[in-house]
Amino acid sequence: MANASTDIFITGTGCLLPGCNNPADLWQRLLEKKCATVPYTSEDITTQIISWFGHISPDQAATALAAVPFKLRRYATPASQWGIKATVDALTNAQLDLACIAPERIGLFTAQGDYSYPSLPSFTAGVGKAIEQNNLNLPALTNEFLNNRGMDAFLSIKGLSNNSLAIASLAFGTRGDCGAYVQNKSATIAALRSAVMSLRYGYSDVALVICTGTYNEALTLTELYQQNLLSPAKQGAASQRPFDQQADGSILGEGAIALILETRAHAQKRNVAGLAKIDGIGNKTAFLTVDQHNNYHHCAQKLLQKAGLELDSVDAIVATGAGGKKADQQEVVQLEQLLNGKDIPVTCASAITGNLPACPLDMLTALQMLQHQKIPAIANLTNPIGHQLHLVQKESLTQPVQRVLTLNRCYTGFNSAVVLSSPSYQ
Amino acid sequence: MANKVVVTGIGLICGQAMSANELFERISQCQSSVRKNEKLAAYGVTNSACSFIDEQVLAALDVQCREQGLPQLSAPALLAIYAAAQAIENADIDVKSIERKGLFLACNKQSLEAEHLLGLAKHFDPTTGKVDLDMFMEMQRHEKQSYFHKRQDMAALVLAERYEFDDVVMTPGDACAAGGIAVGTGYRYIAQGELDVALVGATEAMCNYMPMLSFSILGALAPQSGEHPASISCPFDKARSGFVMGDGSAFLMLESEQHAQARGAKILGYVSGFAKQTESWRITSSPKDGSDYARCMSDAIADAGLSINDIDHINAHGTSTEQNDSCESAAIKKLFGERTVSIPVTSNKSAIGHSLAASGAIEAALSIISLQQQLLLPTLNFCEGDEDTAGINVVQQATPSKIKHILSNSFGFGGENSVLILSAVAE
């Protein structure tokens with residue numbers, strides 16, 4: 001059993017994100033402020049209103065599918081397939097051969113931000129038939145679904161919250177500690193917490209954390225649009241403008257990020273330096289008071305306090321920057337309250353990929369910053385809304401980056417904070 | 001482990017029961033909550049019998065929540081808010097005043113509803129295979145209760161804010177194992193000294209169109225050809241042919257023994273062991289020899305510092321599917337060997353249906369009451385086992401018994417298992 005104070009390291013990362021096949025691609029785009037969002041396309045939906053999106057391209061999807069063992073493909077949602085591809089790459093990045101570890105000692109923790117099952121495409125055969133017969137009503141649809149193969153026979157498997165976990169456990173042969181979580185950043189934080197707990201108390205030797213999801217589903221797009229959260233995207237990829245006075249809403253996206261976690265001792269035993277140490281994880285919920293201006297910075301303050309860290313020890317912040325005028329103004333106010341005049345550079349990556357459900361884009365960005373000792377400028381930011389904040393603008397900053405605070409604020413008031421530092425940083 | 005973990009409060013809503021004691025009483029009297037769901041039957045769902053919660057009950061809970069200033073919430077969230085408040089009241093605890101606390105609330109993804117499917121279908125063009133989303137958005141302009149609005153973690157978000165769970169908040173979605181995992185994860189946090197108090201539980205409302213269809217297509221739901229609804233689910237019986245769906249929510253208030261004693265709380269029982277793990281076998285089935293179920297059971301017993309000889313009763317997963325009950329029987333025989341015939345086994349699912357995520361939490365709540373009352377609950381509808389389940393000592397009527405430790409199984413689709421060990425307060 002490991003000591004409770006054991007440091008937990010991230011030793012590998014992989015991703016499949018809009019325009020990015022790996023973390024290096026994301027870093028390059030961040031440095032170049034090159035957005036990867038594209039005109040919205042769908043095999044299932046016709047729309048002019050939803051005009052721009054951070055898509056996983058058909059080529060990327062094909063690569064991901066190829067990473068999934070053949071016999072599992074019919075059970076795996078596209079998001080689960082992306083997660084497998086990201087994990088394969090993360091294991092390579094961590095120089096970790098899972099065959100060298102007892103399957104019972106490999107922990108698996110997944111975060112699905114997946115709204116896409118069940119949805120209309122699962123039922124198109126039956127719906128089409130009912131329309132053809134001019135008989136579109138529920139009893140007729142039920143008959144098509146139950147008796148005429150009118151729906152996806154594996155819907156119950158694809159629709160479950162642990163689809164990613166089930167597919168990954170079979171693909172990687174894991175038989176150890178586990179946890180499956182769904183719903184945006186709350187799922188990501190829960191998966192991370194579970195992995196850290198599992199390693200810290202010796203339930204696992206290695207933990208795979210797989211975060212994956214998409215907003216590309218008719219009812220989800222509808223509700224976010226009707227809540228006035230989406231940008232009309234009149235300026236294409238330049239339309240998601242985090243912390244900018246001209247911000248007019250979010251561009252949504254999809255993708256997967258995988259992290260490999262180990263204890264310091266386990267990583268050292270393998271002669272792996274690790275990419276970062278997890279100093280702490282925190283969250284605070286403000287579902288009913290989402291517009292109040294204190295939860296986000298209280299979340300960060302409490303985490304720093306709990307982890308025994310001073311804000312002065314943080315070299316940079318990766319913030320959310322959802323791109324909505326009101327949301328970003330609120331975030332800026334809370335960042336200003338948190339920093340209270342301290343000159344800590346703030347960046348964010350959301351303009352590159354669009355807002356992604358469940359994917360810890362902020363953490364992946366922080367890992368790159370620790371590796372490259374640079375803080376990328378915020379893409380599409382020309383007229384900042386917060387003059388007291390050091391929002392990194394125009395050019396990347398080259399400076400020592402030993403510790404990064406990542407902050408996230410979901411549409412429904414779930415605030416989270418994660419602190420990452422260089423493996424050798426004390 | 002740093003701490004013993006005690007149960008100090010229970011809250012529950014399930015089928016037609018509004019509390020854990022009421023449900024326990026109903027099952028002990030062999031009353032089933034499984035009924036024909038007329039709304040689903042009208043939609044053409046052939047196996048429409050399930051243990052659903054009445055729409056009037058949900059409407060009343062909705063009114064209560066609105067009066068408390070909450071927005072419109074989905075059925076699982078309404079059930080969770082009711083059951084969690086009951087558990088907190090039962091524990092007589094001021095949750096807000098506690099610093100080191102966590103919330104563990106299992107719930108699976110909520111489904112597209114029949115009306116939404118129909119709404120989208122009206123804008124579907126079979127020639128292109130696409131839905132006209134812009135037209136749908138225009139038509140649904142005033143629809144407030146859409147898919148995104150039914151987030152899986154909505155109940156957790158509400159409870160976290162209401163009771164000021166400012167740090168550890170988790171919403172496990174591990175299919176049928178999720179409820180057990182929520183209870184066990186909270187137990188683990190307290191046992192390891194990370195938290196003093198954990199509100200643990202689960203909620204599910206799957207007795208609606210889409211889950212019933214999708215599980216029916218998969219062949220997991222029992223076919224229903226004229227049988228009385230209450231007789232359809234028969235765990236471990238030779239006539240078993242699938243599960244019936246259930247709605248419900250249950251919560252336990254967990255505390256470190258030290259914390260509970262310091263505030264003079266009444267201790268109802270202990271969570272003393274837990275294991276969760278993946279099988280990596282097949283996505284819809286487990287090894288027929290029961291080896292993976294047995295591994296999880298064995299690990300939970302070891303986590304509790306017990307031996308198999310200490311287990312007095314098994315609250316089985318017992319779904320009434322041919323495959324699960326065969327595998328679970330094999331696992332019990334593999335693990336307990338000659339003791340198998342002497343260990344009483346109960347499945348609650350023939351009385352209350354299978355409420356997926358919620359089932360593990362509901363069964364943990366019923367197990368704690370079994371320990372308190374020293375009474376084994378019957379497995380409704382069990383008459384005779386088959387070749388695989390023969391030799392399993394299935395409890396057929398409420399039976400007083402000396403019970404110190406109960407093993408409670410929850411096995412999930414996708415090969416994800418969890419097992420809890422629940423223990424009685426020492427005499």
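Modeller: Start with strand β5 of chain A, which is covered on both faces. I106(A), L108(A), T110(A), Q112(A) and D114(A) lie on one side, G107(A), F109(A), A111(A) and G113(A) on the other, and all are buried. Buried means under 20% relative accessible area, exposed over 50%, and partly exposed in between, with a 1.4 Å probe and protein chains only. Helices (H or I, at least four residues) and strands (E, at least two) are DSSP runs, numbered from the N terminus.

Colleague: What should I know about the model itself and its numbering?

Modeller: This is a predicted model: local features need pLDDT of at least 70, side-chain atom pairs count only at pLDDT 80 or more, and totals for chains, interfaces and linings use all residues. Residues are numbered from 1 along each chain as its sequence is written, chains are lettered from A and ligands numbered from 1 in the order in which they are written, and side-chain values use heavy atoms, leaving out hydrogens and water.

Colleague: Why is β5(A) described as largely enclosed?

Modeller: Nine of the nine residues in β5(A), residues 106-114, are buried, so the rest of the structure largely encloses this strand.

Colleague: Which strands pair with β5(A)?

Modeller: The general idea comes first. Strands of a sheet pair through backbone hydrogen bonds, either parallel or antiparallel. Here two strands count as paired if DSSP finds at least two bridges between them. β5(A) has nine bridges to β7(A), residues 206-214, and the two run parallel. L108(A) has L208(A) as its bridge partner there. Five bridges join β5(A) to β6(A), residues 178-182, also in parallel. In that pair, A111(A) stands opposite Y181(A).

Colleague: How do I read β16 in chain B?

Modeller: Begin with the faces. In a regular strand the side chains alternate between the two faces of the sheet. In β16(B), H405(B), L407(B), N409(B) and F411(B) point one way, while I406(B), S408(B), S410(B) and G412(B) point the other way. Eight of its eight residues, 405-412, are buried, so β16(B) is largely enclosed by the rest of the structure.

Colleague: Which strands does β16(B) pair with, and in which direction?

Modeller: β11(B), residues 313-315, joins β16(B) through three bridges and runs parallel. N315(B) stands opposite S408(B) in that pair. β17(B), residues 416-423, joins β16(B) through eight bridges and runs antiparallel. There, N409(B) faces V419(B) as its opposite residue. The hairpin of β16(B) and β17(B) has three residues between the strands, and G414(B) takes a positive phi near 85 degrees.

Colleague: Now a single residue. Where does N108(B) sit?

Modeller: N108(B) is in the loop between β4 (101-106) and α5 (114-121) of chain B. N108(B) has a relative accessible area of 1%, so N108(B) is buried. Contact means heavy atoms within 4.5 Å. Not counting residues up to four places away in sequence, N108(B) touches residues including S161(A), Q152(B), D174(B), M206(B) and L356(B).

Colleague: What does the side chain of N108(B) pair with in polar contacts?

Modeller: A polar contact is a pair of N or O atoms within 3.5 Å; within protein, one must be able to donate a hydrogen and the other to accept it, and residues adjacent in sequence count only if both atoms are side-chain atoms. The side chains of N108(B) and E204(B) make one of 2.8 Å. A polar atom of the N108(B) side chain also lies 3.1 Å from the backbone nitrogen of A175(B).

Colleague: And how do I read the interface?

Modeller: The size of an interface is often given as the accessible area lost when the parts come together. Buried area is that loss (1.4 Å probe), summed over both parts. Chains B and A bury about 7,800 Å² between them, 62% of it on carbon and sulfur atoms. Chain B gives 84 residues to the contact and chain A 94 residues.

Colleague: How many salt bridges cross between chain B and chain A?

Modeller: Six, by the rule. A salt bridge is a side-chain nitrogen of Lys or Arg within 4 Å of a carboxyl oxygen of Asp or Glu. One of them joins R188(B) and D177(A) at 3.0 Å, N to O. Helix α9(B), residues 209-218, supplies eight residues, the largest share of the chain B side that touches chain A.

Terms used. Buried area = accessible area lost by both parts, 1.4 Å probe.
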